[in-house]
Amino acid sequence: MTIEVENLQKKFDDKAVLKGVSFTVRRGSITGFIGPNGAGKTTTIKILAGLLRKDGGKVKVFGEDPWDNPKVIEMISVIFTNLIHPQENTVGEYLRDLGNIYGKREIINYLIDEFKLTSHLNKKLYQLSSGLAQRVQLVAALIKEAELIIADEPTANLDPSFRMEFYEIVKRLNRKNDVTFFISSHILSELEKVITDVVFINDGRISYTGKMNQALSGVGEEEIYVMVNDSERALKVLGGILEGPYIKVKGKLREIVDKLDDSGIEIISIRRSSLDDAFKKFSNI
């Protein structure tokens, strides 16, 4: 396992934030870390990154306690929502300095081009918008070519095209370089397209940990969401309720498709239970 967490506990001002958290992250997985604000996600990530000392339990990253551990820090990259950087450096200075430190100078120009930063290289880091700063931070994390990338809301402040680009890079690094990812995000519709495993956390406790497909299959009686060219007729045929452009109906996918087809109703889009549905189910929300 790349990450092993057992009975992890952390308090701030006598308030328990992590209340016996336990989970593992498989090597080579893309694991989503999902929970509402205040659930303990960022605290967990800071402990995994060696930036915060735990109060109790066991934490292992590549078999080592990450707290103030240079051996672990060398093997991981961490992405936070806000960029921590030397304010007066330009984008170019910052990224090229990192490339020199990690001995990865050959990858810098590729990443700068990939995230469309060429025209921003002479800007000082404090002058960047939140979206630009996030793109710089993503490039900084990827320069290192780490074995594990831990990301806390990595696509926050990014426009849709750069969010898609980030996740394409995630899939590519995972597939070709066997990089393990541990990603926290509130944009579940994007996350569910890339993750292989999932950890749900709510109120400082883990409510589910396991494979993504098992989480979705554990939602219970299957709910199907169908978008059609004639919602009124489809509701008469299927029953269910209208949610935005979709009809939500319980049943078997094949039977639902057959009923619509027999009635001459065109299906525009169809999906099963979502990651959001699974989180609500396992967290009793």
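I count a contact when heavy atoms lie within 4.5 Å. Axes are lines fitted to C-alpha atoms, for helices over the stretch in contact, and angles run from 0 to 180 degrees between N-to-C directions. Helices (H or I, at least four residues) and strands (E, at least two) are DSSP runs, numbered from the N terminus.

The model is predicted: local features need pLDDT of at least 70, side-chain atom pairs count only at pLDDT 80 or more, and totals for chains, interfaces and linings use all residues. Residues are numbered from 1 along each chain as its sequence is written, and side-chain values use heavy atoms, with hydrogens and water left out.

**Entry 1: domains**

I looked up the division of the chain and found domain 1 (1-215) and domain 2 (218-281). The bounds come from an automatic or database domain assignment. Taken over C-alpha atoms, the two centres are 35 Å apart. Domain 1 puts 12 residues into the contact and domain 2 puts in 7 residues.

**Entry 2: the sheet with β1**

I followed the order β2-β1-β4, an open sheet of 3 strands with antiparallel pairing. Two strands pair if DSSP finds at least two bridges between them. Ignoring direction, neighbouring strands are turned by 25° against each other on average.

I then checked the bridges. β1 and β2 run antiparallel and are joined by 8 bridges; Lys11 has Ala16 in β2 as its bridge partner. The hairpin of these two strands has 2 residues between them, and Asp13 there takes a positive phi near 50°. With β4, strand β1 (residues 3-12) pairs in the antiparallel sense over 5 bridges, and Ile3 stands opposite Val61 in β4.

Which helix lies across β1, β2 and β4? I found helix α1 (residues 41-48), running at about 120° to β1.

**Entry 3: the sheet with β10**

I read the order β11-β12-β10-β13 for an open sheet of 4 strands, paired antiparallel. The edges are β11 (241-243) and β13 (267-271); each has a single partner strand, so one side of each lacks a neighbour in the sheet. From one strand to the next the twist averages 30°. Strand β10 (residues 223-228) and strand β12 (residues 246-250) run antiparallel and are joined by 4 bridges. I noted Val249 in β12 as the bridge partner of Ile224. Helix α10 (residues 253-262) packs on this sheet and touches β10, β12 and β13, with its direction at about 25° to that of β10.

**Entry 4: the second largest pocket**

I searched on a 1 Å grid over the protein atoms alone, where a pocket is an open set of points that a 1.4 Å probe fits, with protein on both sides within 12 Å along at least five of seven lines; lining residues have an atom within 4 Å of a point. The second largest pocket holds about 260 Å³ of space. Its lining has 14 residues, and the closest to the centre are Ile107, Leu142, Glu145, Leu173 and Asn177. α4 (105-114) and α6 (160-177) are the elements that give two or more residues to this lining. The most come from α6, with 4 residues.

Key:
Grid points are joined across faces, edges and corners, and a volume is the space filled by probe spheres set on the points.
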